[in-house]
Amino acid sequence: VVSFVSYKDVPHQNKFSIIPPFEDEELFREGIVTAQGQPIGLIVAKTQIQAKRAAHKVIIKYKKIHPEI
């Protein structure tokens, strides 16, 4: 594995938008993950096999939160 990139590696540019000028989405989550599939980082590796092996070693602990209605 060459590197791991997270929100800390893209300061002040971690926001993007599908509909400009609203930059309301985070490239990598900085705090609470609110939906399945939201990226927390990017693994950089020399091969796809190395990247997949590294991804399988990532451990993330989630805490169940209740939606505010």
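Residues are numbered from 1 along each chain as its sequence is written, and side-chain values use heavy atoms, with hydrogens and water left out. Because the model is predicted, local features need pLDDT of at least 70 and side-chain atom pairs count only at pLDDT 80 or more, while totals for chains, interfaces and linings use all residues.

Me: Is Ile19 buried or exposed?
Reply: Ile19 sits in the loop between strand S2 (15-16) and strand S3 (25-26), where strands are DSSP runs (E, at least two residues) numbered from the N terminus. Buried means under 20% relative accessible area, exposed over 50%, and partly exposed in between, with a 1.4 Å probe and protein chains only. Since the relative accessible area of Ile19 is 56%, Ile19 is exposed.

Me: Where does Thr34 lie, and how far apart in space are Thr34 and Lys64, C-alpha to C-alpha?
Reply: Thr34 belongs to the loop between S3 and strand S4 (42-44), and with a relative accessible area of 57% Thr34 is exposed. Thr34 and Lys64 are 30 residues apart in sequence, and from C-alpha to C-alpha their separation in space is 10 Å.

Me: Which residues does Gln38 touch, not counting those up to four places away in sequence?
Reply: Gln38 is also placed in the loop between S3 and S4, and its side chain reaches the backbone nitrogen of Ala35 at 3.0 Å. Contact means heavy atoms within 4.5 Å, and, with residues up to four places away left out, Gln38 touches Arg29 and Val33.

Conventions: Helix = DSSP H or I, 4+ residues; strand = E, 2+ residues; numbered from the N terminus. Polar contact = N/O pair within 3.5 Å; in protein donor to acceptor, adjacent residues only side chain to side chain.
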